[in-house]
Amino acid sequence: MIQVNRHTLPNGLRIVHNEDCSTQMVALNLLYKVGARDEDPEHTGFAHLFEHLMFGGSVHIADYDTPVQTAGGENNAWTSNDITNYYITLPYQNVETGFWLESDRMLSLNFNPQSLEVQRQVVIEEFKQRNLNQPYGDTGHLLRDMAYQCHPYRWPTIGKEISHIANATLEEVKDFFFRYYAPNNAILAVTGHISFEETVRLAEKWFGPIPAREVPVRQLPAEPVQTEIRRKTVERKVPMDALYMAFHMCHRKHPDYYVYDILSDLLCNGRSSRLVQSLVINRPVFSSIDAYISGSLDEGLLQITGKPSEGVSLEEAEKAIWEELEKLKEIPVRHEELEKVKNRYESEQIFSNLNYLNVATNLAYFELTGEAEDINWEVEKYRSVTAEEIIRVSRQAFVPENCNVLYYRAIQ
């Protein structure tokens, strides 16, 4: 059982804390409730741009990384369609350095044309390397654009197109910052070798003076229910054909989320999983295959992707997947098969929560989706999934009218 302590500052910053004296380190995980879904459709990629800008110097601290390294710490960040997440780990003796650094860049960045230009070029280069010049790199753009007609999940975190970042002005960037990077739009999780009292004292000292801001109320367009199968074929210079299938699924807080997650593992997690056993090992339809869920806060996607074996067409490969999905809809999953998936998840959770940094990241996320204490009941929710629920959700999800199919054909 992970003990959670909590405190909210007058400016709205929520703090969740867990003390762990088995380590000499402390982790600060700062989650901002802003992601790619909060962007203007004509100005995408801003949340990801800020992941980089936040390391380019803040109002009183010209260089973020040097004080971190001097204090013996490490830091990083990541962005999704839903959130932007920053973390820093430090020896407990130097923990105040983390509060100082994170609070200063929450207060304000050092907005200047040079910093923007440097980070703009970094992001543009990343866009080119990952999405334009890498084999299959544009599948995220293609699939999201097929699956979502209205919701801002229709573009990936990197943004719709390079021009949106290339043309971003300093004023637009500043406006985005002061709208979303606010204490009343953030969750600070602190774990490791630090008491709750010391956490509150340092949070009040460094974050307390930062004023709350007018954070816009999120009003996103609801995605209409898909009523017919959507197909797209592209031809690219890639090593081999690839098949992508994306099925709409529920949002993160829906009880069926756990059923979808287990379904993706039943299909493709390890050599004994269904699609690997049936379509890679026993009948070599695919050379490789995978299934996973997006895990997004709003309605997400369960995706199946595979590369057909030599001589197998994309049409044959797709047909083979549908045949396997039909079995899930008609034949109850065996107890042993379901338990194996649940056991794997439980062991992963136990090992994950042995690490103080993982606990900080998880506490912040669970505080976002409900309350941090939910971390203690997550395994139970997976354990409660039944074979009957697997059938019910499979029948609901694995139908053509809920599917988006992308044929990625290789040309020589």
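In which helix is I321 found? I321 is found in helix α11. The model examined here is predicted. Within it, I321 has a relative accessible area of 0% and is therefore buried, the cut-off being under 20%. Contacts of I321, apart from neighbours within four places in sequence, are made with L243, M245, L279, F286, I289 and I304. V285 is 36 residues from I321 in sequence. In space, the two C-alpha atoms are 9.6 Å apart.

The largest nonpolar core has 47 residues. Within this core, F50, F99 and Y181 touch the most other members. Several elements give two or more residues to the core: strands β3, β5 (84-91) and β6 (186-192), and helices α1, α3 (95-107), α4 (113-132), α7 (170-180) and α8 (196-206). The most is given by α1, with five residues. A second, separate core comprises 45 residues. Among its members are L275, V276, L279 and L328. L279 is also a contact of I321.

Residues up to four places away in sequence are not counted here. Y181 then touches Y32, V34, A47, F50, M54, T84, Y86, M106, F176 and R213. F50, one of these partners, is itself among the residues that touch the most other members of the largest core.

G35 lies in the loop that runs between β3 (25-32) and α1 (46-53). Beyond four places in sequence, G35 is in contact with A47, S80, N81, D82 and I83. A47 is likewise touched by Y181. G35 and Y181 are 146 residues apart along the chain. Their C-alpha atoms are separated by 11 Å.

Two further loop positions were considered. Y136 lies between α4 and α5. Most residues other than glycine have a negative phi. Y136 is not a glycine, yet its phi is positive, at about 65°. Y136 has a relative accessibility of 11% and therefore counts as buried. Is K237 buried or exposed? K237 is exposed, with a relative accessible area of 72%. K237 occupies the loop between β7 (230-236) and β8 (242-248). P135 is 102 residues from K237 along the chain. The C-alpha atoms of K237 and P135 are separated by 7.6 Å.

Helix α5 spans residues 139-147. Its buried residues include T139, H141, L142, L143, M146 and A147. Which elements do the buried residues of α5 pack against? The partners are helix α4 and strands β7, β8, β10 (301-308) and β11 (403-410).

Helix packing was then described pair by pair. Two packed helices are described by the angle between their axes and the distance between the axes. Helices α9 (residues 257-268) and α10 (residues 274-282) pack at an angle of about 30°, and their axes are 3 Å apart. This angle makes α9 roughly parallel to α10. From α9, the contact involves L266, L267 and C268. From α10, it involves R274, L275 and V276. By class, the residues of this contact are five nonpolar, no polar and one charged. L275 and V276 also belong to the second core.

Helix α9 also packs against α15. Here the angle is about 85° and the axes are 10 Å apart. The angle makes α9 roughly perpendicular to α15. V259, Y260, I262, L263 and L266 of α9 meet E389, I390, V393, S394, Q396 and A397 of α15. The residues divide into eight nonpolar, two polar and one charged. L266 of α9 also takes part in the contact with α10.

Helix α15 (residues 387-397) packs against α11 (residues 314-330) as well. Their angle is about 135°, with axes 7 Å apart. The two helices are therefore oblique to each other. The crossing of α11 past α15 is left-handed. L328, K329 and E330 of α11 make the contact with I390, I391, S394 and R395 of α15. Three residues of this contact are nonpolar, one is polar and three are charged. I390 and S394 of α15 also meet α9.

How values were computed:
Residues numbered from 1 in each chain as written. Predicted model: local features only at pLDDT ≥ 70, side-chain atom pairs only at ≥ 80, totals over all residues. Heavy atoms only, no water. Helix = DSSP H or I, 4+ residues; strand = E, 2+ residues; numbered from the N terminus. Contact = heavy atoms within 4.5 Å. Core = buried A, V, L, I, M, F, W, Y, C linked by side-chain atoms within 4.5 Å. Buried < 20%, exposed > 50% of the residue type's maximum accessible area, 1.4 Å probe, protein only. Axes fitted to C-alpha atoms, helices over the stretch in contact; angles between N-to-C directions. Parallel < 35°, antiparallel > 145°, perpendicular 65-115°, else oblique. Left-handed = near helix turned anticlockwise from the far one by under 90°. Nonpolar A, V, L, I, M, F, W, Y, C, P; charged D, E, K, R; others polar.
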